[in-house]
2 protein chains.
Amino acid sequence: MSEVRILPVTGMPEVRPGDDLEAALLGAAGRALRSGDVLVVTHKVVSKAEGRLVDLSGVTPSAFAREFAERTGKDARQVEVVLRESRRIVRMVGGLIIAETAHGFVCANAGVDASNVPGEDCVCLLPEDPDASARRIRAAVRERLGLSVAVVVTDSFGRPWRAGITNVAVGVAGMAPLLDYRGETDEHGYALEASVLAVADELAAASELVMNKVDAVPAAIVRGYRYVPAEGSSARELVMPPERDLFR
Amino acid sequence: MSEVRILPVTGMPEVRPGDDLEAALLGAAGRALRSGDVLVVTHKVVSKAEGRLVDLSGVTPSAFAREFAERTGKDARQVEVVLRESRRIVRMVGGLIIAETAHGFVCANAGVDASNVPGEDCVCLLPEDPDASARRIRAAVRERLGLSVAVVVTDSFGRPWRAGITNVAVGVAGMAPLLDYRGETDEHGYALEASVLAVADELAAASELVMNKVDAVPAAIVRGYRYVPAEGSSARELVMPPERDLFR
């Protein structure tokens with residue numbers, strides 16, 4: 001194994017709906033990128049470019065959202081947006097809604113987020129299809145720079161049993177998000193039964209080390225990690241299949 | 001923000017119970033280490049050096065362990081060890097036991113693991129006090145090399161809702177495992193309410209990118225990450241407090 005480097009992508013302009021995200025990303029990262037890199041991008045800039053922002057002043061909350069918001073001191077319009085982004089509610093405790101999104105991700109507030117968004121009354125949704133977003137970025141890197149990279153789109157999720165949030169992958173392109181050691185043996189000849197590594201999540205977590213919620217570094221380059229190339233891969237592979245999920 | 005580098009620590013000898021782990025680690029990593037680095041060490045070598053190996057041939061399973069093992073096709077002696085390492089069983093489904101360890105970590109098989117362990121009938125436990133193990137390694141680096149580093153001891157855990165395992169921190173020394181952005185504002189002036197980052201887990205995940213379950217790279221150096229120095233910190237800060245844990 002050799003060294004892995006994580007390089008922050010700085011100098012990105014503020015991204016607005018309809019902006020050419022690929023042009024902004026490559027403007028900031030292009031000269032640093034090399035073939036074989038993993039370009040890790042926070043969903044926030046992807047969502048903004050794709051217009052996945054909701055102005056709460058135009059949202060009429062349902063009776064259910066109003067009742068929940070009133071009881072928990074939340075903004076009923078924001079609760080309404082969370083419910084609209086949810087396919088299934090996993091838990092509602094205190095003011096917290098843990099929900100399954102249309103993509104299958106289980107996370108707080110169905111990925112609806114009010115931080116790092118312009119405007120007081122504005123919230124940001126997850127991209128509609130974060131894998132497609134990742135594929136578009138990857139294609140742009142190939143077409144405009146002639147380089148082959150993998151792309152990971154991230155969000156930060158909480159986890160049961162553990163405090164704090166970590167960055168995870170919500171979209172991938174060009175690489176296998178899981179690395180399956182099953183069938184291989186360790187140096188003692190022991191078959192590695194339970195060793196499927198969520199490498200896309202580990203890349204997402206690693207990239208967070210050079211990002212910064214306050215300075216808003218929206219992307220990072222991971223260099224030296226030998227990912228398993230894969231076309232047509234999806235971050236949905238990182239969703240635990242319902243029949244194996246003990247915590248639905 | 002500047003670059004973060006992750007360097008694999010190679011050339012470690014096989015560690016056996018009673019070995020001087022610090023000498024082995026510093027022999028392999030010492031010349032590469034610098035003040036300000038985070039030395040990330042898999043718990044497996046720590047557990048081995050501390051003699052946290054159990055020879056199953058000496059284990060007499062309880063009736064409960066025998067019944068569960070028979071019904072699920074598991075080794076009753078291994079189930080017995082899992083139960084002994086458990087403070088509370090969270091789920092028992094199929095052959096899977098998700099348990100809370102004495103440290104408070106919730107994970108599969110209470111951290112009992114048969115991979116990368118010498119001997120067919122041998123399993124490895126988590127260190128009894130992984131923070132103390134991390135502190136010992138940190139102290140050895142200070143005493144023998146005159147360097148100030150942070151240390152993270154890791155294991156790989158599965159997660160509800162997401163497929164695959166990722167490396168997480170089970171022991172820390174010299175750094176705050178959580179980074180609390182609450183009270184700070186983003187570039188739009190929005191107060192970052194829910195932003196407590198589990199940076200020790202992200203460091204653990206990042207280090208996995210240069211480890212390899214087959215080649216058994218047992219440690220990594222993370223350079224360039226500006227951790228928040230903290231004496232007396234603990235990976236138990238990464239355990240979700242029971243009153244805030246919706247999935248107990």
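Predicted model: local features only at pLDDT ≥ 70, side-chain atom pairs only at ≥ 80, totals over all residues.
Residues are numbered from 1 along each chain as its sequence is written, chains are lettered from A and ligands numbered from 1 in the order in which they are written, and side-chain values use heavy atoms, with hydrogens and water left out.

Let me begin with the symmetry. Chain B can be laid on chain A with an RMSD of 0.0 Å by a turn of 180° and a shift of 0.0 Å along the axis, where the superposition is by least squares on the C-alpha atoms of residues with pLDDT of at least 70 in both copies. That is the relation of a two-fold axis. The same surface serves both copies, since 100% of the contact residues of chain B recur in chain A, contact meaning heavy atoms within 4.5 Å.

Turning to the extent of the interface, 71 residues from chain B and 71 residues from chain A take part in the contact. Between them the two chains bury about 6,600 Å², 62% of it on carbon and sulfur atoms; buried area here is the accessible area, with a 1.4 Å probe, that two parts lose on being put together, summed over both.

Now to the charged pairs. Six salt bridges are found across the interface of chain B and chain A, a salt bridge being a side-chain nitrogen of Lys or Arg within 4 Å of a carboxyl oxygen of Asp or Glu. In one of them A:Arg159 pairs with B:Asp201, the closest N and O atoms being 2.7 Å apart. B:Asp201 also forms a salt bridge with A:Arg162, at 2.8 Å from N to O. Because B:Asp201 lies in helix 6 of chain B and A:Arg162 in strand 9 (residues 162-175) of chain A, this pair joins two chains; helices (H or I, at least four residues) and strands (E, at least two) are DSSP runs, numbered from the N terminus.

Finally, the strands. Strand 1 (residues 4-9) of chain A is joined by three bridges to strand 1 of chain B, and the two run antiparallel; strands count as paired if DSSP finds at least two bridges between them. Within that pairing, B:Val4 is the bridge partner of A:Ile6.
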